[in-house]
Amino acid sequence: MGEQQDPSADEVGCKLISLNIEFSGGLEMLFSNQRSHRIQIPVKDSSEQPANVGFLVRHLCENLMKDKRKDLFVLEDRIRPGILVLINDADWELEGEEEYLIQDGDTILFVSTLHGG
Amino acid sequence: MAEQNIISNENTVPTLCKRCSISPSVINLRTEHLCSDCFDKYTRSKCIKRMETYRVRYNPPDTDTSPRRLLLPLSFGVSSITLLHLLNSQFQNQLARTTRTGFVLVVVHIDESAIDPTVPPGEESMRAVQERFPGLGEYLVVKLEGIYEFSSAVKAFEIDTGGGGGEGGDWKEKLKGLLGALPTPTSRMDVLQILRTRLITGLARKHACEAVLWGDTTTRLAERTLAETAKGRGFSIPWQTSDGDSPYGVKFLYPLRDLLKKELAVYVSLDVPTPLRPLCFGAAEEEGKRKYAAVGKGITIDELMTQYFEGIEKQYPSIVANVVRTAGKLVTEGGVVRIRRCKICGLPRDGGGGELVLDAETKLGESSSEVNGNGNRNRGKKEGDSMCYGCARSVHGAKPYEWPL
Amino acid sequence: MPPALPIPASKLCESCRSARALISRPKTHQKLCKPCFLSAFESEIHATIVSTNLFTQGSRVAIGASGGKDSTVLASVLRTLNERHGYGVEFVLLSIDEGIKGYRDDSLETVKRNAVQYGMELVIVSYEELYGWSMDSVVESIGKKGNCTYCGVFRRQALDRGAERLGINHVVTGHNADDIAETVLMNLLRGDLPRLHRCTSIITSSSSSPIARSKPLKYAYEKEIVLYALHQKLDYFSTECIYSPEAFRGSARTLIKALEKVRPSAILDIVRSGEAFSRMILSQAQASGAKSLQESGVGVDSGGGGAGCNNGGTGRSSGGEMEDMEKALLAEMSGLEASIPPLPSIAPGKPKKMKQTPKKIREQTMSNCTRCGYLTSQKLCKACTLLEGLNKNRPKTAVEVEAGIEDEEASSSLRRGIEAIKLAEEGIVN
């Protein structure tokens, strides 16, 4: 399992939260062919707002995603329609989508419905 | 004038018009480069072909030679202004050739300032338009909230720009209440479109017009075909896109149905004899709305389709035309039947939305009853049964509202 | 799991009101917990099956199985419902091995595991054994471009032959509501009335084909299929075919998903509109469409959502498709435009090219392919025609194109159209 740290966050001595990120349904291939990632992200984003899913998605694109094909994951900075997001097993639509404030220890699963027949 | 940006930017060398081989091209119509004169002729011919029914009538063989009364809804957008201009040319030609005309127009602008205070009421714009095209017929500005007048048919309808007199304020509030009660931007836009259509067709009947001339381009008709499909109103597409009798008791005609939106965008900048663009008071607003719509979640199905076809039109114009051709081949079940109308859109109903409403009420249980302000399940069923599926979908989850018709 | 804290009312399942809601159903916005969702999903498919009399007691039915999410969920749900409601149907898994290393061999492993998990017989029919060519060898010979055409023609026939081999006359596939909605939109864009007429029917069968195909998941959202697979922890395979990767990009699929985002019910609303269209198409179109049935076009077809191929196979369109459609239409239109009288001021138009009448669905008489015996309207069936080209190492043989009744998936006819154009351009039309 890849332990990822945000170096910039470390430098400024920001607090970090740990979470489990999982990819499925074909998205694994965009993230080093690895289903589970344990990562840490800053508690607050650059404008001092508490980290939400919107921020997490940007963070994943910038830090965790080595693949160049960003548009297979996001469209105009938002999760591509057709990709399901589950926050601790619950549909993110029930949790406020991008606005959901990330808690330490959350498991967030991204599943593509776009792959495979 | 150089070719507009809509043309493939491959050629920077001026291309000559393919038809006259004299003037530089201003537009690339799929495969053919045209100069401004030839493009103007092309555009006129497309409209005239559709207006054939309204040529000057002679006696014999026609028994009635009086000009037909036609209603033209004018939004001050690119399409309706172009249509007005093209009809004016036809009108002036008829007059010059025969001293008579085949039609007169009732030009109507619907003033929507009640629901969007940033929209100008339209009288000034209307005056400017009337100055440019005098003598064509009547010019009216009608407030959208006037639709509440149609429910009490006894009262005379105030066409005056002054609005609906004492009750005007009341109607305005009712209209705002109605749109505010709807659950989503898509529903609001859908219902707003329905209100416009019903007001316009009501005015057409009132003003003894035999047809409404809509400004919709091929592109717009294609957008509508897919948008209505996505809103569950596939059954009603012929009524919303084809020329001929409509269920509203007046004919519908789409004289610009063979022209693309991007073609008109070029056309309004041409000298015909002076550009039409300055008259397109609504165009900037349309663009503004689109930009706003692109951002965030508030986008509606109609706007999404507009965006989709903007892309398609750029690269694949033939596909746009093909959608409209296909829609034209669909025939409504049972033709223009007069029974079982949807109480919202006024069109003959499909299977109805009773199932939808009932289903939702049963499933949502109490919470839905709370929202509706009553616990009576029968009411839901009844309401659903009096609506078509698409309208039931749009008003599903709405707060209480007063329907004007 | 942390000890159960009281769940706030707003987070409760709207059905049982006791467990935490985990799913927001796209068509109703209803919030359900996992068990209530699973049971709602299953009972709706059961309702579809019952209301359409899809199965008869004692019959054998093949499930086109690719190992992907749709066919895996289909197999799992059918097994559950068969037991629960006593359909009395014997389900058999039917898979096609196209012969694509690193893709199909892996997904077939999934199907093999599914066969064990669901206690179903599994039959695998390979292109290699049927045609003497695997897709790997086809691609080696003709390159990647256009390979989906071969794969589609081969698959359709392979599924029929597999069913025949099993003595089965009914194949169910995993096509879902998203697939059907996309197909409706694509058929509108393409102007294909016969396909628009039939693409929403749950079962397609024809007098000239002994094998019926049906889509029990036609009202099931792709989102719910994936959630079902996820919550049931089903074993499915989700890798793209290596010969047509990322087929969903820039396609009508993107539009469908955007619509779902704006108004989640839109997908079912499109299916509903599509069902209305099918009643709104004049009977001639129906009749001629119905008569031209049978053989699949050269298009990528069927199977999908059941027997593999996420490109075209499940009704998914690829990005390049629009471009091909435009070309086909433009070619057709240049014929149409010539019939419009030229404007007075314009020099009399010289006849532009040849006048092409809009393609009408020809009535066809079906007979057996003189080489392999498969039903066809030509002397040779399409597979044999393609094979002839492959075997002569002259890959781009033109295939006379016509619509096939079950050829309703989005990409197929278009590709045929395209193929015809490409061939015409290259001047090798037969």
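The expected span of a helix is taken here as 1.5 Å times one less than its number of residues, and helices (H or I, at least four residues) and strands (E, at least two) are DSSP runs numbered from the N terminus. The structure is a predicted model, in which local features need pLDDT of at least 70 and side-chain atom pairs count only at pLDDT 80 or more, while totals for chains, interfaces and linings use all residues. Residues are numbered from 1 along each chain as its sequence is written, and chains are lettered from A and ligands numbered from 1 in the order in which they are written.

The buried residues of α1(C) are C:Cys36, C:Phe37, C:Phe41, C:Ile45 and C:Ile49; a residue counts as buried if 20 or more other C-beta atoms lie within 10 Å of its own, as exposed if 12 or fewer do, and as partly exposed in between, with C-beta atoms placed from the backbone. Among the elements that cover these residues are β1 (23-24), β2 (31-32), α2 (69-85) and α9 (222-231) of chain C. After α1(C) comes C:Asn53, which has a positive phi near 50°.

Chain A has two helices and eight strands, arranged along the sequence as β-α-β-β-α-β-β-β-β-β. Of its 117 residues, 35% are buried. Strand β8 of chain A (107-112) has five of its six residues buried, so the rest of the structure largely encloses it. Two strands are said to pair if DSSP finds at least two bridges between them. Strand β2(A) (16-24) runs parallel to β8(A) and is joined to it by five bridges, with A:Ile21 opposite A:Ile108. Strand β6(A) (83-87) is also linked to β8(A) by five bridges, but in the antiparallel sense; here A:Leu86 faces A:Leu109.

In chain B, six strands form an open sheet of mixed pairing, in the order β5-β4-β3-β6-β8-β7. The edges are taken by β5 (137-143) and β7 (244-245), each with a single partner strand, so one side of each has no neighbour in the sheet. Strand β4(B) (103-111) pairs with β5(B) in parallel over seven bridges, and B:Asp111 stands opposite B:Lys143.

The domain assignment, which is automatic or taken from a database, divides chain B into domain 1 (50-328) and domain 2 (338-405). Between them, 23 residues of domain 1 are in contact with 20 residues of domain 2. On the domain 1 side, α4 (168-181) and α5 (185-206) are the elements that give two or more residues, and α5(B) gives the most, with five. That side has 13 nonpolar, five polar and five charged residues, where Ala, Val, Leu, Ile, Met, Phe, Trp, Tyr, Cys and Pro count as nonpolar, Asp, Glu, Lys and Arg as charged, and the others, Gly among them, as polar.

A nonpolar core is a set of buried Ala, Val, Leu, Ile, Met, Phe, Trp, Tyr and Cys residues joined through C-beta atoms within 7 Å. The largest one has 231 residues, and those with the most contacts inside it are B:Leu71, B:Leu72, B:Val212, C:Ile63 and C:Leu185. Both domains of chain B give residues to this core, so it lies between them. Leaving aside residues up to four places away in sequence, B:Leu71 touches several residues, including B:Val106, B:Val108, B:Ile200, B:Leu203 and B:Val212.

Chains B and C meet through 38 residues of chain B and 36 residues of chain C. On the chain B side, α11(B) gives the most, with six residues, and the classes are 15 nonpolar, twelve polar and eleven charged residues.

Finally, B:Pro14 lies in the segment before β1 (27-29) of chain B. B:Pro14 is exposed, with 11 other C-beta atoms within 10 Å, and its C-alpha atom is separated by 6.2 Å from that of B:Pro24, ten residues apart along the chain.

Note on methods: Contact = placed C-beta atoms within 7 Å.
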